[in-house]
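I am opening a notebook on a structure that is new to me, and I want to write down what I look up as I go. The sequence and the model come first, and my entries follow.

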Amino acid sequence: AYRADDDYDYLFKVVLIGDSGVGKSNLLSRFTRNEFSLESKSTIGVEYRAITSAYYRGAVGALLVYDVTRHVTFENVERWLKELRDHTDANIVIMLVGNKADLRHLRAVQTEDAKAFAERENTFFMETSALESLNVENAFTEVLTQIYRVVS
Ligand code: GDP
């Protein structure tokens with residue numbers, strides 16, 4: 001159980017990756033502070049090799065996020081997965097996350113396609129909306145639960 005910054009039973013490093021603009025910052029702020037922001041001030045990408053390694057080092061979980069309204073962000077999941085697997089331990093827990101599920105009329109990636117991809121790649125899968133608070137808590141807690149199962 002989490003009690004205070006310096007007093008906890010478990011400390012797991014979980015990374016959030018995926019193309020710029022897919023909603024990583026908002027998923028995190030929704031989960032940690034129940035906040036959402038409509039303005040898009042893009043996160044600076046992790047580009048330099050040294051920084052990439054440092055970002056992934058020690059990670060035991062990952063949320064690999066794409067945007068269900070932008071198919072290219074789903075196509076790039078393969079590249080992110082390769083980078084992740086190149087930089088982390090083989091038994092890292094990976095959750096594929098299709099975010100912006102609230103934009104139903106703009107959907108470009110079908111749930112079944114993503115589900116099939118996740119099964120092939122042995123990752124967990126969930127669709128979320130940081131805007132509507134859909135499945136955000138579930139996505140994070142499922143990753144943490146699975147990590148706990150791996151380490152205990
Ligand atoms: P990041 O670059 O991956 O960190 O993406 P951001 O969290 O900065 O989000 C990029 C843009 O998408 C912002 O304008 C957000 O308001 C918007 N956004 C993020 N999550 C959602 C969502 O679940 N639904 C909708 N409709 N917009 C979202």
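**Burial and overall form**

I began with burial, and I found that buried residues make up 30% of the 152 residues in the protein chain. For this I call a residue buried if 20 or more other C-beta atoms lie within 10 Å of its own, exposed if 12 or fewer, and partly exposed in between, with C-beta atoms placed from the backbone. I keep in mind that this is a predicted model, in which local features need pLDDT of at least 70 and side-chain atom pairs count only at pLDDT 80 or more, while totals for chains, interfaces and linings use all residues. I number residues from 1 along each chain as its sequence is written.

I then looked up the confidence, and the protein chain averages a pLDDT of 91, with 90% of the residues scoring at least 70; pLDDT is the predictor's confidence in each residue, from 0 to 100. For the complex, the predictor gives an ipTM of 0.99 and a pTM of 0.93.

I counted six helices and six strands in the protein chain, taking helices (H or I, at least four residues) and strands (E, at least two) as DSSP runs numbered from the N terminus. From the N terminus on, I read their order as β-β-β-α-α-β-α-α-β-α-β-α. The radius of gyration of the protein chain is 15 Å, close to the 15 Å that the globule rule gives for 152 residues, so the chain is as compact as a globular protein of that length. That radius is taken over C-alpha atoms, and the rule is 2.2 Å times the number of residues to the power 0.38. Along the principal axes, the C-alpha atoms fill a box of roughly 45 × 30 × 30 Å.

**The sheet**

Next I traced the sheet, where four strands lie in the order S3-S4-S5-S6 as an open sheet with parallel pairing; two strands pair if DSSP finds at least two bridges between them. The edge strands are S3 and S6, each of which pairs on one side only. From one strand to the next the twist averages 20°, with axes as lines fitted to C-alpha atoms, for helices over the stretch in contact, and angles running from 0 to 180 degrees between N-to-C directions.

I went through the bridges around S5, and seven of them join S4 to S5, with leucine 63 standing opposite methionine 95 in S5. Four bridges join S5 to S6, where phenylalanine 125 in S6 is the bridge partner of leucine 96 and glycine 98 stands opposite glutamate 127.

I noted that H5 packs on the sheet, touching S5 and S6, and that its direction makes about 160° with that of S6. H6 packs on the sheet as well, touching S3, S4, S5 and S6, and its direction makes about 170° with that of S5.

How many residues of S5 are buried? I found seven of its seven residues buried, with Val93, Met95, Val97 and Asn99 pointing one way and Ile94, Leu96 and Gly98 the other way.

The largest nonpolar core has 32 residues, of which Leu63, Leu64, Val65, Met95, Leu96, Val97 and Ala139 touch the most other members. The elements that give two or more residues to this core are S3, S4, S5, H5 and H6. Such a core is a set of buried Ala, Val, Leu, Ile, Met, Phe, Trp, Tyr and Cys residues joined through C-beta atoms within 7 Å.

**Helix H1 and positive phi**

In H1 (residues 24–33) I listed Lys24, Asn26, Leu27 and Arg30 as the buried residues, and what covers them includes S3, S4, S5 and H6. H1 is followed by asparagine 34, whose phi is positive, near 55°.

Lysine 100, in the loop between S5 and H5, has a positive phi of about 75° although it is not a glycine. Is lysine 100 buried or exposed? I count lysine 100 as buried because it has 27 C-beta neighbours inside 10 Å.

Serine 133, in the loop between S6 and H6, has a positive phi of about 60° and is not a glycine either. With 14 C-beta neighbours inside 10 Å, serine 133 counts as partly exposed.

Methods:
Contact = placed C-beta atoms within 7 Å.
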